[in-house]
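Let's take a walk through this fold together, strand by strand and then across to the helices. Have the sequence and the 3D view open side by side as you read.

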Amino acid sequence: MPPESRGAPQRAGAEDGDGGGGPAASVPGEDVTASSVPSSSQAPEGTEEDGKAPDEPQTGRQRLRASLWPPRLTRAQLIVAVLLFILGLGLAIQVRSTSDSSALRGARQEDLVRILDELDNRSQRLTDEQRRLEGQKTELENSSNQAEEARKQTVEKEQQLGVLAGTVVAQGPGINLTIDDPTHSVEADKLLDTIQELRAAGAEAIQVNDVRVVASTALSDVTGGVQIDGKRVTQPYRFKVIGKPQDLEPALNIPGGVVQTLEKEQATVDVTRVGKIIVDALREAKRPDYARSSSQ
């Protein structure tokens with residue numbers, strides 16, 4: 001064998017390494033460089049093929065945004081949301097309708113204070129009446145002469161009932177109310193509202209022109225005026241009202257009250273406080289046909 005062929009394997013083994021790894025390098029047909037050296041085209045483990053860095057951990061804000069959107073609703077949550085929406089819509093409609101229909105909407109502070117004072121006065125009158133009745137009861141129970149005390153209270157009660165029934169003349173402080181209606185637009189219902197407002201304010205005796213107004217008074221429309229208990233009354237309508245003037249006049253002048261309503265009908269309204277008013281129109285006392293006192 002020529003000398004060149006005997007020395008070639010030894011040189012190959014020496015180039016493979018100094019540690020005696022000859023057998024692995026002398027395997028015929030094996031590409032030593034391809035098997036032992038990693039290729040530069042293969043990416044290390046944990047990196048992307050395009051050279052980008054691996055995904056970074058999300059922040060708390062990013063995790064919160066990801067949990068809220070897109071929303072993940074269950075069927076039960078959707079039903080509860082719809083029911084709450086319907087309930088809120090109903091409450092909003094109710095509050096709006098209530099506030100729109102309020103007669104005191106947009107009233108001035110002075111008017112609201114006056115209305116509150118009127119309510120306080122009504123409450124005070126009821127309290128005084130309760131105390132008066134309780135005082136009469138106590139006097140009747142403690143009086144040595146109960147028969148005389150009962151007779152005295154009976155006479156007083158008869159006078160009070162006579163005033164309310166319109167069978168006796170009444171006098172006291174109050175107001176004069178005059179309604180001038182040149183266009184004849186004030187009808188019976190407007191006068192009835194006026195009477196009811198006066199009663200609610202504490203009126204104890206009312207007279208319209210020459211007619212005494214009592215609990216059973218009826219009003220109806222007729223040609224050219226109003227009929228009260230069968231008597232025709234024409235304008236101007238003059239009211240004589242006995243009661244506390246400090247309560248009667250403000251009750252007529254409250255916002256949206258009697259005076260404003262009548263003025264919308266092109267009527268002229270005049271209210272005057274008077275120290276002494278005499279209500280002298282009387283009604284005939286009618287004896288009931290069937291009703292009798294239970295004490296008889």
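Predicted model: local features only at pLDDT ≥ 70, side-chain atom pairs only at ≥ 80, totals over all residues.

Residues are numbered from 1 along each chain as its sequence is written, and side-chain values use heavy atoms, with hydrogens and water left out. Helices (H or I, at least four residues) and strands (E, at least two) are DSSP runs, numbered from the N terminus.

Strand E1 and strand E8 run antiparallel and are joined by 10 bridges. Two strands are called paired if DSSP finds at least two bridges between them. E1 also runs antiparallel to strand E7 (residues 237-242), this time with six bridges, and here Asn176 has Lys240 in E7 as its bridge partner. On we go to strand E2 (residues 205-208), joined to E7 by four bridges, again antiparallel; Val208 is the residue whose bridge partner in E7 is Phe239.

Put together, these pairings belong to an open sheet of five strands in the order E3-E2-E7-E1-E8, with antiparallel pairing. Strand E3 (211-213) and E8 stand at the edges with a single partner strand each, so one side of each has no neighbour in the sheet. Neighbouring strands are turned by 25 degrees against each other on average, direction ignored. For angles, axes are lines fitted to C-alpha atoms, for helices over the stretch in contact, and the values run from 0 to 180 degrees between N-to-C directions. As a reminder, strands of a sheet pair through backbone hydrogen bonds, either parallel or antiparallel.

Now look for the other sheet, an open one of three strands in the order E4-E5-E6, also with antiparallel pairing. Its edges are strand E4 (219-222) and strand E6 (231-233); each has a single partner strand, so one side of each is left without a neighbour in the sheet. From one strand to the next the twist averages 35 degrees. Strand E5 (residues 225-228) and E6 are joined by three bridges, and Val226 has Val233 in E6 as its bridge partner.

Which helix lies across E4 and E5? That is helix H8 (residues 188-200), running at about 155 degrees to E4. H8 also lies across E1, E2, E3 and E7, at about 15 degrees to E7. Contact here means heavy atoms within 4.5 Å.

In the loop between strand E1 (170-180) and H8 you will find Asp181. Asp181 is buried yet has no salt bridge, and the nearest side chain of opposite charge, Lys190, is 10 Å away. Buried means under 20% relative accessible area, exposed over 50%, and partly exposed in between (1.4 Å probe, protein chains only). A salt bridge is a side-chain nitrogen of Lys or Arg within 4 Å of a carboxyl oxygen of Asp or Glu; for charge, Lys and Arg count as positive and Asp and Glu as negative, with His and the chain ends not counted. A polar atom of the Asp181 side chain does lie 3.2 Å from the backbone nitrogen of His184. Not counting residues up to four places away in sequence, Asp181 touches Val186, Gln235 and Glu265.

How many salt bridges does a search of the whole structure find? The search finds six. In one of them, the side chains of Arg125 and Asp247 meet at 2.6 Å, N to O. Arg125 lies in helix H6 and Asp247 in helix H9, so this pair ties together parts that are 122 residues apart in sequence. Asp247 is buried, with a relative accessible area of 2%, whereas Arg125 is partly exposed at 26%.

We finish back at Arg273, which forms a salt bridge with Glu249, the closest N and O atoms being 2.3 Å apart. Arg273 lies in strand E8 and Glu249 in helix H9, so the pair ties together parts 24 residues apart in sequence.

Key
Polar contact = N/O pair within 3.5 Å; in protein donor to acceptor, adjacent residues only side chain to side chain.
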